[in-house]
Amino acid sequence: MSTPNSYMTGPDERGLFGIFGGRFVAETLMPLILDLEREWGEAKLDLAFWEEFNMLAKDYVGRPSPLYFAERLTEELGGAKIYFKRDELNHTGAHKINNCLGQILLARRMGKTRIIAETGAGQHGVATATVCALFGLPCTVYMGATDVERQAPNVFRMRLLGAEIKPVTSGSGTLKDAMNEALRDWVTNVEDTFYIIGTAAGPHPYPAMVRDFQSVIGKEAKAQMLEREGRLPDSLVACIGGGSNALGLFHPFLDDKDVRIIGVEAGGHGLEGEEHAASLTGGKPGVLHGNRTYLLQDADGQIIEGHSISAGLDYPGIGPEHSWLRDVGRVEYVYAKDTEALEAFQLCCRTEGIIPALEPSHALAHVTKIAPDLPKDHIMIMNLCGRGDKDIFTVAKHLGFDMASVMGETTQ
Amino acid sequence: MTTRIDTKFAALKAEGRPGFVSYIMSGDPNYDTSLEILRGLPDAGADIIELGMCFTDPMADGVAIQLAAQRALAGGQTLPKTLELVQEFRKQDSETPLILMGYYNPIYIYGVDAFLAAAKAAGVDGLIVVDLPPEEDDELCIPANKAGMNFIRLATPTTDEVRLPAVLQNTSGFVYYVSITGITGTAAAQQDAVAAAVGRLKAFTDLPIAVGFGITTPDQVAEIGSVADAAVVGSAIVRQIEANLDEHGKAKPGLVDAVLDYTRTLSQRLR
Ligand SMILES: Cc1ncc(COP(=O)(O)O)c(C=O)c1O
């Protein structure tokens, strides 16, 4: 494959990044998708739109998020100089809000009066419910029944924020089924409803639009690094579920050829079996949820459930731009296993006093693998895209800490 | 090129009645039972058969067809087995048009050219692939037309007149009008609205118009049949399969007859 002049010009007018992306949706949705594309095309060039986005990003979300030199971690690993891009400090605790803010501004611009979303771990659901409360729009969140049970605190948060949560029992009752159900809702309520997709996937223009909203991460990081170190970083590392936090960090650096870029997928129990969510390493191209991309699937093209200790990573697909970036060789894709993420999670708590989400713990797991062998003047940015409050129950369980009995003792 | 579908609609026109199109999921509740149902459908009044290809993520389908797909998958149904089923059916029936309906990924993974060749050889006449709008015609629609297979497009209440020519451009066999904005087997089609929509479509195409999604009772079949060239029923038939399973999901004795008898009560309303 030939090397493009720029990696930042995609997608083309059909929504394609190479062979990936596109608009594989039912006819009922097609006019809406075209409408959305038109509106997004206009909003993107409208200074007033970005003024409002930037104002809310600053005053409501708390941007810019700091670029923080993780000194103790750097010492502990003994190699590369590690910086965290601290999107975990955002309001609602993850990068998801950047995208939700952008999309709800667009929904309002389009005169839509009802918002729907899918969620896995509940982070995107919480972020969507949050912006809906902020703008006074009714919000329905589809969440796999299995995830509703696993992520009770986020379910309650969404309720408090006024959202209606619809547990999805169809299929296997996880994120991909929640997305199917959200699409079914959208097909049924085409007139008034805006679907806020939570990652850089789905039919065009979603992958590009979500990337553009999340690119605030990379743009800030670039400016902050230039100010701090007077030069670009040598490498970037981010975790990948659908790929939005990663693309947000990566995209502004894609044409900086000397910056090495690494995406870390969820390796679950390892790639030997089916218990993982590494679509790029363990899947092959297929068509699902409106786009062609790498998918976990069997020989008949049936989709296989992703598995990860992190509910935000266990999606069987990945945004189409990542599929393309992989095939053209611009970004390296690796994976970290559940156990490695758990180790990294604890390391971050111990050395930096930061409880990270399990998702970026995968990115950190990879950092711990490569940083020790890199020179001390190698500068690395890792996207710390979420905080771990939502994960303490899961982690406690895996570490054999009986939270329920401790709570029982203290209340007796 | 005239296909079985063209021939059938010409015959229906000569008879002066609308056609009845029945949908079942291939492999639901298992391969043998669905073959038996399939073989009985023409005699139960199915003028055209739509055979679902199961997929794990049927995003345009309601609960009835989702469950049918899950039953088929649990029974080990695959796209090659669906083609085998068609081949078996064709040994006894060389006239009833048969259309495969489903989602793109299993076809894409099978390989478009290989799939078209195998489907043609098995006796498939047309394809309905829900997640391939005209914007993606290069994928399967154009190759299918070249292979002599009808590619039947869905037109919906959201398809406006600006968009309609694009939707109709590479469509052949008939146009499938989706009578509701929604998924299969949910809201009820409204006769007035459908009549108006069919009229609108007729101004743009000479192809027959079949109407589906939202037709669940014999009365609705009659109502929609009176304003369209054919009425399609899926979820209601599939629910009859569901209703005739035991607590382990196995076919109860009499399932095939129950499904076919029910289909007859629907199809009779158009004769
Ligand atoms: C903190 C966090 N990081 C990452 C992800 C994965 O999504 P993406 O790959 O789109 O960033 C999620 C999803 O829920 C998340 O909550």
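A polar contact is a pair of N or O atoms within 3.5 Å; within protein, one atom must be able to donate a hydrogen and the other to accept it, and residues adjacent in sequence count only if both atoms are side-chain atoms. The structure is a predicted model, in which local features need pLDDT of at least 70 and side-chain atom pairs count only at pLDDT 80 or more, whereas totals for chains, interfaces and linings use all residues. Residues are numbered from 1 along each chain as its sequence is written, chains are lettered from A and ligands numbered from 1 in the order in which they are written, and side-chain values use heavy atoms, with hydrogens and water left out.

Chain A is divided into domain 1 (17-57 + 96-210) and domain 2 (64-93 + 215-398), with bounds that come from an automatic or database domain assignment. The centres of the two domains, taken over C-alpha atoms, are 22 Å apart. Contact (heavy atoms within 4.5 Å) links 39 residues of domain 1 of chain A to 35 residues of domain 2 of chain A. About 2,900 Å² is buried between these domains, with carbon and sulfur atoms giving 62%; buried area is the accessible area (1.4 Å probe) that two parts lose on being put together, summed over both. Within domain 1 of chain A, the greatest losses of area to domain 2 fall on Phe20(A), Phe24(A) and Lys176(A), which together account for 22% of what that side buries.

Between domain 1 and domain 2 of chain A there are 11 residue pairs in polar contact (both at pLDDT 80 or more). The side of domain 1 that touches domain 2 receives the most from α8(A), with 6 residues, and comprises 18 nonpolar, 15 polar and 6 charged residues. A salt bridge (a side-chain nitrogen of Lys or Arg within 4 Å of a carboxyl oxygen of Asp or Glu) occurs once between the two domains. Lys176(A) also forms a salt bridge with Glu305(A), at 3.9 Å from N to O.

Between the chains, 38 residues of chain A are in contact with 38 residues of chain B. The two chains bury about 3,000 Å² between them, 51% of it on carbon and sulfur atoms. Their interface contains 5 salt bridges and 18 residue pairs in polar contact (both at pLDDT 80 or more). On the side of chain A that touches chain B, α8(A) gives the most, with 8 residues. Lys176(A) forms a salt bridge with Asp57(B), the closest N and O atoms being 2.9 Å apart.

Terms used. Helix = DSSP H or I, 4+ residues; strand = E, 2+ residues; numbered from the N terminus. Nonpolar A, V, L, I, M, F, W, Y, C, P; charged D, E, K, R; others polar.
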